[in-house]
Number of protein chains: 4
Amino acid sequence: MFDFAETDNQKLMVKSVKEWCERHLTFEQVREMDDRGHPFPKEIVEGLCGLGVVMGTVPMEHGGSGIDWLTQAMISEVIGYYDPTIATAAGLMAVETGWGFTIDRYCSKTVREKYIKPAIKGEKFAGIATTEAGGGSDVAAFKSTAKKDGDEWVINGEKTFISGTEECEKWGGGYWINVRTGPALPEAPHRNMTSFFLPIDAEGVEVQEPYKDSGRMALSTGGFTMKDVRLPDEYRLGEVGKGFYYTMEGFDNARLMIGASCVGIIQRIIDDAMPYIKERKAFGRPLAKYEAIQFELAELYMEMEALKLMTRKSTWMQDIRYKEEGMPEKTSEAKTFKPTDVANWISMVKWKGPSLAMKAAEKAMIWFGAAGYTKEYIFEYAWRGVMSYVVGAEGGLNIQKIVVARELLGREYIPYK
Amino acid sequence: MFDFAETDNQKLMVKSVKEWCERHLTFEQVREMDDRGHPFPKEIVEGLCGLGVVMGTVPMEHGGSGIDWLTQAMISEVIGYYDPTIATAAGLMAVETGWGFTIDRYCSKTVREKYIKPAIKGEKFAGIATTEAGGGSDVAAFKSTAKKDGDEWVINGEKTFISGTEECEKWGGGYWINVRTGPALPEAPHRNMTSFFLPIDAEGVEVQEPYKDSGRMALSTGGFTMKDVRLPDEYRLGEVGKGFYYTMEGFDNARLMIGASCVGIIQRIIDDAMPYIKERKAFGRPLAKYEAIQFELAELYMEMEALKLMTRKSTWMQDIRYKEEGMPEKTSEAKTFKPTDVANWISMVKWKGPSLAMKAAEKAMIWFGAAGYTKEYIFEYAWRGVMSYVVGAEGGLNIQKIVVARELLGREYIPYK
Amino acid sequence: MFDFAETDNQKLMVKSVKEWCERHLTFEQVREMDDRGHPFPKEIVEGLCGLGVVMGTVPMEHGGSGIDWLTQAMISEVIGYYDPTIATAAGLMAVETGWGFTIDRYCSKTVREKYIKPAIKGEKFAGIATTEAGGGSDVAAFKSTAKKDGDEWVINGEKTFISGTEECEKWGGGYWINVRTGPALPEAPHRNMTSFFLPIDAEGVEVQEPYKDSGRMALSTGGFTMKDVRLPDEYRLGEVGKGFYYTMEGFDNARLMIGASCVGIIQRIIDDAMPYIKERKAFGRPLAKYEAIQFELAELYMEMEALKLMTRKSTWMQDIRYKEEGMPEKTSEAKTFKPTDVANWISMVKWKGPSLAMKAAEKAMIWFGAAGYTKEYIFEYAWRGVMSYVVGAEGGLNIQKIVVARELLGREYIPYK
Amino acid sequence: MFDFAETDNQKLMVKSVKEWCERHLTFEQVREMDDRGHPFPKEIVEGLCGLGVVMGTVPMEHGGSGIDWLTQAMISEVIGYYDPTIATAAGLMAVETGWGFTIDRYCSKTVREKYIKPAIKGEKFAGIATTEAGGGSDVAAFKSTAKKDGDEWVINGEKTFISGTEECEKWGGGYWINVRTGPALPEAPHRNMTSFFLPIDAEGVEVQEPYKDSGRMALSTGGFTMKDVRLPDEYRLGEVGKGFYYTMEGFDNARLMIGASCVGIIQRIIDDAMPYIKERKAFGRPLAKYEAIQFELAELYMEMEALKLMTRKSTWMQDIRYKEEGMPEKTSEAKTFKPTDVANWISMVKWKGPSLAMKAAEKAMIWFGAAGYTKEYIFEYAWRGVMSYVVGAEGGLNIQKIVVARELLGREYIPYK
């Protein structure tokens, strides 16, 4: 039965995260971190972790808070609201919660104890390193390999455009990597990929100088090489050869967090813009009375509400999926919604969310005129920050479109096939 | 608690309406009616009424089916799907259900017995006649008047751009009209308007030649003059001087039906377009494999899903509102959502729905090329039909934007004030 | 040296065409023809031909007026202005001028005397019949053939979505057809196509029932079959095997006329809309004072001016090209602009023009509200009429995009290769 | 007679500026200046000035190069191409050329000798300081005043969001200011404004800390206060009370330079993007073969060509205007095009140019994915830089729309009146 009301528990969680943000993620604090660049905000991360909301969906048995995805998305929305610059918390939240949960689902007890539990507490960093020079979404182009040698795997290759390399090095932790454990089949390049958890300090890992980015200062973007890195078999995630499927699951969870945070970002932009355009006059009329401005505002609001409903529905589907699959262990297949059904909805959220949030920031800058171009307001920060989600973080814009079209039309209509 | 599942009862109702449509609203039947123009499809109307879905939200005590708005919207969606041309059923459904329910809520027993109950059965027509030459949404420009004379009201004036004048004359029935029963106050032009139910065959009513329209052939568009029309007081709807507020309520209900039918229209366009673009080849590739086409399709699908969620939420709000207000009699005020909260959401639905549906039809025509321009496919019909909702039926595009902006910014930022 | 001024001669020609249109293409006349459908406006056609402006670019030696393309485009602009419905003159102008000129360039004296000279006078119809069931722009899919038999060619096949089949039958005349005179090479399907002029009354030609179209009532759209049609060799156009290249040239000329007429259509929409939105008030303010309306108007105006400049430059290029190639006989190759350079610009004009004109009509309908949806104003007619240019007449929207991208990126990036 | 060819002289000038830019405005140099922020590129400025192209339209009699506006726009296009970041040359060019020319036209010999001639040589800075806290385009809100005291004027007030305050202080020079020399008439607030040239080192001028901007690092943005600043009458520009009209003329010239530089910026983005998308593969196909990318590229190219034609026509009009008005002294009124005719076209260029350039940069970032977000490519720089033109430099986006609508509809339809 359709219902659009939050539970009391959800309201309570949202309220407590808001209160924390009001104190620790003020505009001044967020701005200062973005201006500085790669702020390594240990205390911010630990604070959030203390609330139990980073990787909050990890089951309690595994050290998480056992929150459902719907509630977790509401929390990401709050984080996006207070950190629209993605200077600090929002980026981490998306990356760590989306991927961390999925690592936890497939990792051994060893990896969980040594890396995931500390990451849940904010003591270590756990990220994803899938992209290679050949492309981000195109797994067929991946060249890194793992070869079994006794009880160990020997890993070689290179990863690039990886979020958080500096942070990972500094705080400790590691990455989910995907490497080939068999030949790349031209017809099925996504097979024969296996996932591992790679400690950043493993011997043979060399971290490179990070890129200089336009924004999203929460996390550096860099790469690393792996030269004869030896990992025990218990660093493997899930089954041999199934890395691609786990990765898709991780992408979905991370994309959901991004989509949800965009709802908050847009709400923040609207909330920050409204008082100014109501008060500021041009030619004797408040800016807000000009249709060119108020209709743009109204459209952003309308589309934000649409996006919010989409995040609610996607997470509701994801919650049903995980419930049916079993938690913490996966014991059966989801029936009500196939994973691709959920992926389709999540791609819609990742498509619409960042594009809309960037447009919102851009519009607010234009409404504010020259003032909107300065660093006196949040808009310039949000504009640069959210662009990272549009161009590629957790899958670029066109990839989402391909997913949605594929689910609608069928795999045989994928444009590059 | 958020929930996005239909109840068994809703599924059942949708199914039975679909089955009826499969037999009575085939493409050939719908097309034939549109080609003919103003088809007066008595048997279609009576068939739908037999299912209990025209004015289905009228309480059982008053002869309706007592369906909630959420379910009624699902049914409108089905009707829109089978009649995207709005040649026949969809237009009637929107007008009669939205307005009929609201008339029923405020009318006397006499009007209900003589007009509303027959209209629910499809034996008479019940519509809305509010627009005057000065404008559709601008009530301050209305000039028609009613003057009390003993126990009767004497009504003079003219109404234009009224849906269904030919149908009303032919089938019998009448219109909800709004007329001035006191002076137009410059500061509050919406006061001193009173609503009546005007039988089309009342003495002094003269119906004019209808306009020639681009589409929406279900209902003629015309006008009528009222010259010293005498109506007993029991033809009054609600209280003297409150006609404006009742009208806004009627608009909301009619807009909801339109928005919901647009979801169905878009789904139909997608469903009709997909097999063709999958099969039809250009330069050796199916049209569906061209990104220019598949990404447009995917975007329409995504936005349709967003729109559908918005209709679900709006009707859920409207249901809560009516429950709190009391039914069939209004006994208290809604608390959870104020009427303006609901109006805001409904305006978003009426803004996004018709615009998106028109775009969908236009895109499908372009994908199909010269074939899409012919009357061999539903698209050309839907394109013209749905444009009636964009330009003005139940409030034009910019009116919806003004409503949304007004609720966001406050009344003092209405652009024309 | 850049110059944007019309010559006195151009002003004079434009003036005389305008004067003729003011008398023969009034709104009432144009509307009546569109309402009737396929009006066969012999007197309109002969009137225009009497001014020397249909196929005005045909050299004087061949019975034309020897106008340059720049001036011819200005004239098409005027025709589009007075016939935005494309009910009558505008469609014919585009088809006959664009293609007629090109037929004349490659035809034998016999064809010229029997068909082209009469067509220039409005006594016969000369069109293009290239599309086959497999696709409009995809020549590789064409299956019609011509086989040499002595001095004659025996032609078999079928053409569809052909403009003017009813008119051609009624008035006499014929079509430029393209047929295979050799095998379809997978790597070069555009080779081995040869062009002929096919009299519509040739034995073996059977004209089919035309389609019912949404608009563009000037010309019916239909098809014909060719069964063992025998044509003397002098009905061949140009060299054997080069039909594809001539067709591209014809497309370019026809697209130019369409682009130019769209400038006029948009200007007409603006001119018809302005007085109404200035006078009509909503909530006490003229519609024109609402930014939502005036900014849309201003944008249409701006883009129309951009489009006009593009038609000027394209025709200026085409004039240089033809001058360098030699006229009436082609004696050398163009140097300043290669044919593909011109084609690129013309595709931009055909891309931007119809899309913009349709948007203009749609916007005007929305500004006018319910009135804009009636047949009281030109907008509804223009909206349907110009859609024919968007969906496919002389190449659909996406084909133009492919051409522009191809010239920019190179042939190896054509998406379907 | 329409002509779209450059003269040999224009080609020569463009070539020489290009050659200079190839050496002095490489990507590395430009990027380094933007990264540094407010680079004070004295040598860049002097180099450009050495070519005679900064304020190149100033008549030779006054120390300029006497270039026409059409040629000057071609040069601005080149500068925009090499400095799309507006880190260095492009911003200066627009501000100094547009405004400097206009100052020169109305200033006394003293001001010309002391400020304009040195500025033409790159030895001093000459800018515009019109904006006040009350708004940029809304002159009615301006509060600064000048009072005549003997042969001197005593000036008080404050200017804000002024381009180049740091540069002006550092290099010497001054600003064109507008101040009230009579009361602000509610019905005609633009009257009683008088223009002066204010040396930045005049006693009583205090320059404030500049804003931190998102980009456009060529010029700082700041403000200054004027406290009892005394200026001799020869620092007055033109006639008393006519400052508003001169300012509009200056705006037009500056906007033209901006529009022209945007053509170059877009061309640069296209040129930089093409090799990458041709080479870079995703899923085995070059990015350029994906329609989603190539159609966006093609559209940018098309609109850039449209914009280029618009800059050509606008400057051609401006050249005719100035020729008719007389140079260096204004001796009569322009007849062929009224100043408002030219202003209309220039506003179209300023509307379309920056919006399109920003969209081009944004699109390229998205095509490049995560790489496009880094500072390895020009796009991120251009994206931030050109936004300064959208939000407000020389008049924000909506102001341009108001101008275009005003010229089309008439002054009585200005939305704020």
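Reader: How many of the 35 residues of α9(A) are buried?

Author: This is a predicted model, in which local features need pLDDT of at least 70, side-chain atom pairs count only at pLDDT 80 or more, and totals for chains, interfaces and linings use all residues. Residues are numbered from 1 along each chain as its sequence is written, and side-chain values use heavy atoms, without hydrogens and water. Helices are DSSP runs (H or I, at least four residues) numbered from the N terminus, and buried means under 20% relative accessible area with a 1.4 Å probe, protein chains only. By that cut-off α9(A) is mostly covered, with a buried count of 29.

Reader: What does helix α9 of chain A reach from its first C-alpha to its last?

Author: The helix covers residues 291–325 of chain A. The expected span is 1.5 Å times one less than the number of residues. For α9(A) that expectation is 51 Å, and the model comes close to it at 50 Å.

Reader: Which side chains of chain B and chain A meet in a salt bridge at 2.7 Å, N to O?

Author: A salt bridge needs a side-chain nitrogen of Lys or Arg within 4 Å of a carboxyl oxygen of Asp or Glu. Two are counted between chain B and chain A. The one at 2.7 Å pairs Lys352(B) with Glu303(A).

Reader: How much area do chain B and chain A bury between them?

Author: Buried area is the accessible area (1.4 Å probe) that two parts lose on being put together, summed over both. Carbon and sulfur atoms hold 72% of it here, and the value is about 5,100 Å².

Note on methods: Chains lettered and ligands numbered in written order. Helix = DSSP H or I, 4+ residues; strand = E, 2+ residues; numbered from the N terminus. Buried < 20%, exposed > 50% of the residue type's maximum accessible area, 1.4 Å probe, protein only.
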